[in-house]
Amino acid sequence: MSEYMLSEIRSTDRRNIAKMEALLQKEGIERDKNLDYSVGLFDEEYQLAATGSCFRNTLRCMAVDSSHQGEGLLNQVVTHLIEHEYARGNIELFLYTKCNSAKFFHDLGFYEIARVEGKVVFMENRLTGFSGYLDGLKKTAFPDGTSAAVVMNANPFTLGHQYLLEQAARENDHVHVFVVSEEASLVPFAVRYRLVQEGSAHLKNLIFHPTGSYIISNATFPSYFLKDAQTVIESHARLDIAVFIRIAEALSLTSRYVGEEPFSQVTSVYNRIMKEELEAAGIACRVIPRRTADDGTIISASTVRKAIQEDRLTEIRHFLPECTYRYFSSPEAAPVIAAIKKAADVIHY
């Protein structure tokens, strides 16, 4: 049996990056654009036999060269990645894998959260992680009346988001508001969560929740083992809704409210699939038309980010609740404004 050397593959190491991309491509995988640590197992001739990567607290892009399968190499790679994640303080780990690989990862201590049959399985390294999250939600459930949910990124919180919450609050006894807590947005989660709460303080039947790691953003949903963009969008939507349906059961939700999406093709597809899946599960999906400003312009967070990037905050003041405008006018927002100005793309399609 060959001897193997485990070595980090740095983003600046073009030679080994090329080897990693070639191995992934050979095994039908495209290198994910979101990676922050990669490792390779090299044989005695310094040929890459196996590889794996991380992004934040997720394991990604794992593959073994077909000529080396059956030697336990992927087990070594995964064990190393887990140790690396623990060393940098990430104890709660997640991965996405093909359905036919789920048993392998289960044998390594990962447990299924949800799946899209034939496409993708979402797994975590804690046996009671998701069930514990659901148990926590159950404590906020209401046995009587109608309970709805709204999931929002609020990047940043606008009068459009406020309008959506007002509609849900008006039509239901209780509204559970989930703010995406994944740090994949230009506005940090702590700020987004605070502004959502401040901007809807006049609504007394809202209950606020962070999503934790169980509702996944477009930015960090892996696409490296799915064949095309449409499959990626649809698989992400179906996986996300499979998770949400479990949340809905825990909270006895009768409906979910979403904003109409006239601009983003991705979100438009997501909303269509959401409506299909939720209604099949007996949960109403209420699509609310976007709020418009007095001049007829549709209010969107993308437009707000673009204006901030171009130093035109005062021009879109009528898009924002007072709390959001006050935040972006304060010294506290300086690092966030700087990040928005540096961003290559603040408009989401």
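**Close-up views of a predicted model**

Figure 1. Leu59 has its place in strand β4, which runs over residues 58-64. Between Leu59 and Phe105 the C-alpha to C-alpha distance is 11 Å, while the separation in sequence is 46 residues.

**Figure 2. The second largest pocket and its lining.** The volume of the second largest pocket is about 430 Å³. Its lining consists of 22 residues. Met62, Ala63, Val64, Leu74 and Ser101 are the lining residues that lie nearest the pocket centre. Four elements each contribute at least two residues to this lining: strand β4, helix α2 (73-87), strand β5 (94-97) and helix α3 (102-107). Strand β4 provides the largest share, namely four residues. By residue class, the lining of the second largest pocket comprises 12 nonpolar, seven polar and three charged residues.

**Figure 3. The cis peptide bond between Asn155 and Pro156.** Asn155 and Pro156 are joined by a cis peptide bond, for which omega is about 5 degrees. Pro156 belongs to the loop between strand β8 (147-152) and helix α5 (159-171).

**Figure 4. Tyr46, a non-glycine residue with positive phi.** The phi angle of Tyr46 is near 60 degrees, a positive value in a residue other than glycine. Tyr46 is situated in the loop that lies between strands β2 (37-42) and β3 (48-55). Its relative accessibility is 27%, so Tyr46 counts as partly exposed; this class covers values between the limit of 20% for buried residues and that of 50% for exposed ones.

Figure 5. Arg56 is found in the loop between strands β3 and β4. Its phi angle is near 55 degrees, which is again positive in a residue other than glycine. Arg56 counts as partly exposed because its relative accessibility is 35%.

**Figure 6. Ala339 in helix α11.** Helix α11 spans residues 334-342 and contains Ala339. With a relative accessibility of 30%, Ala339 is classed as partly exposed. Ala339 and Ser329 are separated by 10 residues in sequence, and the distance in space from C-alpha to C-alpha is 15 Å.

**Figure 7. The whole chain, as context for the close-up views.** The secondary structure of the chain comprises 11 helices and 12 strands. The radius of gyration is 22 Å, close to the 20 Å that the globule rule gives for 349 residues, so the chain is as compact as a globular protein of that length. Along the principal axes, the C-alpha trace extends over about 70 × 50 × 35 Å. Of the 349 residues in the chain, 52% are buried. Among contacts between residues at least 6 apart in sequence, 69% connect residues at least 24 apart.

Key: Residues are numbered from 1 along each chain as its sequence is written. This is a predicted model: local features need pLDDT of at least 70, side-chain atom pairs count only at pLDDT 80 or more; totals for chains, interfaces and linings use all residues. Side-chain values use heavy atoms; hydrogens and water are left out. On a 1 Å grid over the protein atoms alone, a cavity is a set of points where a 1.4 Å probe fits but cannot get out, and a pocket is an open set with protein on both sides within 12 Å along at least five of seven lines; lining residues have an atom within 4 Å of a point. Grid points are joined across faces, edges and corners, and a volume is the space filled by probe spheres set on the points. Ala, Val, Leu, Ile, Met, Phe, Trp, Tyr, Cys and Pro count as nonpolar, Asp, Glu, Lys and Arg as charged, and the others, Gly among them, as polar. The radius of gyration is taken over C-alpha atoms; the globule rule is 2.2 Å times the number of residues to the power 0.38. Buried means under 20% relative accessible area, exposed over 50%, partly exposed in between (1.4 Å probe, protein chains only). Contact means heavy atoms within 4.5 Å.
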